Amino acid sequence: MAGEFGLIDKYFARPTPSAVLGPGDDCALLQPSPGMQLAVTTDMLVAGTHFLPDTDPLRLGWKALAVNLSDLAAMGATPRWALMAGALPAVDEDWIAKFADGFFACAAEYGVDVVGGDTTRGPLNLCITAFGEVAPGRALRRDGARPGDLIWVSGRPGLAALGLAHLQGRVALPEPWPRLCVAALEKPRPRVALGRALDGIASAAIDVSDGLLADLGHIARRSGCAATVRLVQLPHLPKGETYDADLRRIALECQVAGGDDYELCFTAPGSQSQAIAQIAARLELPLWCIGEMTAGPAGEVAVLDPDGQPVEFERRGYEHFA
């Protein structure tokens with residue numbers, strides 16, 4: 001059985017051409033591009049909390065890195081490097097090989113060099129730190145929204161939460177939604193190209209990880225204003241003969257509060273709507289205008305039904321210590 005350093009050498013020590021010094025020493029040495037700022041983020045994925053223990057390790061490897069790249073995307077940063085630390089309950093080389101393949105597939109697709117990390121024995125737990133670059137003063141932040149700005153979201157928030165509900169047997173989805181929703185859950189696509197395209201267009205941005213309403217609330221809070229979301233403007237979710245009242249209710253709850261989507265929610269002045277439509281066409285990515293920022297209590301997010309009446313939701317997002 002391979003030991004700790006044998007596992008690292010076999011599965012995780014790969015060429016890092018963009019680093020001054022990669023894995024194998026006490027630290028990696030990194031040189032940002034001239035005139036650029038570093039954007040740094042870290043996320044932890046714990047078995048049973050962030051993913052099901054029997055998740056395909058190939059997809060888990062992809063997701064472990066993708067969720068961090070999503071944070072960089074939300075800042076408009078270009079991904080460059082990553083560190084990976086993980087606790088494993090035992091050495092299962094088949095599992096590790098598949099996980100590494102998924103992790104490095106994501107790294108290759110988004111131009112990331114994996115420059116170091118750590119392994120130890122313990123409950124399955126993955127912690128990734130990602131580094132990106134952004135020009136000074138050009139980062140997308142959460143505090144730039146203003147009353148009157150329109151609210152946009154990419155993709156189809158709610159698919160990932162529906163995928164989890166399907167795997168847990170809490171909902172029966174009509175075809176082809178089971179495959180689409182589970183793929184959204186297990187192999188999210190960080191919207192790096194969208195984040196970069198929004199430079200000079202978006203006034204604020206965040207990635208949707210904990211739930212659309214909860215994450216939009218972070219923008220509103222940091223920006224010192226309120227927000228209104230109109231249900232009729234949200235993207236469509238599953239329809240069909242089995243699309244009954246219970247499924248509609250669960251789908252809506254997943255859409256506004258489910259989380260794990262890693263889509264981008266952003267705000268922009270109405271004058272930028274044509275530019276945003278052009279971005280959507282160029283990236284072949286649907287971008288939905290779902291409401292507007294308003295003058296009101298900082299962080300308050302109102303939801304209106306098709307008649308303009310307020311709708312209350314018991315849960316607005318995931319909270320680890322709720």
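How exposed is Glu109, going by its relative accessible area? It comes out as partly exposed, at 45%. Here are my notes on the rest.

1. Ground rules. This is a predicted model, so local features need pLDDT of at least 70 and side-chain atom pairs count only at pLDDT 80 or more, while totals for chains, interfaces and linings use all residues. Residues are numbered from 1 along each chain as its sequence is written, and side-chain values use heavy atoms, with hydrogens and water left out.

2. Main core. The largest nonpolar core has 53 residues, and Phe99, Phe103, Phe266 and Leu287 touch the most other members. Helix α2 (residues 57-74) supplies the largest share of this core, 10 residues. A core here is a set of buried Ala, Val, Leu, Ile, Met, Phe, Trp, Tyr and Cys residues joined through side-chain atoms within 4.5 Å. Buried means under 20% relative accessible area, exposed over 50%, and partly exposed in between (1.4 Å probe, protein chains only). Helices (H or I, at least four residues) and strands (E, at least two) are DSSP runs, numbered from the N terminus.

3. Phe266 and the second core. Setting aside neighbours within four places in sequence, Phe266 is in contact (heavy atoms within 4.5 Å) with Leu150, Ile151, Trp152, Leu194, Leu198, Ala202, Ala204, Ala205, Ile276 and Leu287. There is also a second, separate core of 25 residues, with Ile206, Leu213, Val229 and Phe313 included.

4. Salt bridges, Glu186 to Arg59. The structure holds 10 salt bridges, each being a side-chain nitrogen of Lys or Arg within 4 Å of a carboxyl oxygen of Asp or Glu. In one of them Glu186 pairs with Arg59, with the closest N and O atoms 3.2 Å apart. Glu186 sits in helix α5 (residues 177-186) and Arg59 in helix α2, so the pair ties together parts that are 127 residues apart in sequence. Glu186 is buried, at 13% relative accessible area, whereas Arg59 is partly exposed at 28%.

5. Two more bridges. Glu109 and Arg189 meet through their side chains at 2.2 Å, N to O. Arg189 is partly exposed, with 34% relative accessibility. Asp94 and Lys98 also form a salt bridge, their closest N and O atoms being 3.4 Å apart. Both lie in helix α3 (residues 93-109), 4 residues apart, or about one turn of the helix. Asp94 is partly exposed at 48%, and so is Lys98 at 37%.

6. Helix pair α4/α5. The axes of α4 (residues 159-167) and α5 come within 7 Å and cross at roughly 110 degrees. Axes are lines fitted to C-alpha atoms, for helices over the stretch in contact, with angles running from 0 to 180 degrees between N-to-C directions. That makes α4 roughly perpendicular to α5, the class for angles of 65 to 115 degrees. Residues making the contact include Leu159, Leu162 and His166 of α4 and Trp177, Cys181 and Glu186 of α5.

7. Val208. This residue lies in strand β6 (residues 204-208) and is buried, at 0% relative accessibility. Its C-alpha is separated by 5.9 Å from that of Leu264, 56 residues away along the chain. Not counting residues up to four places away in sequence, Val208 touches Val153, Asp215, Asp260, Asp261, Tyr262, Glu263 and Cys265.

How values were computed
Parallel < 35°, antiparallel > 145°, perpendicular 65-115°, else oblique.
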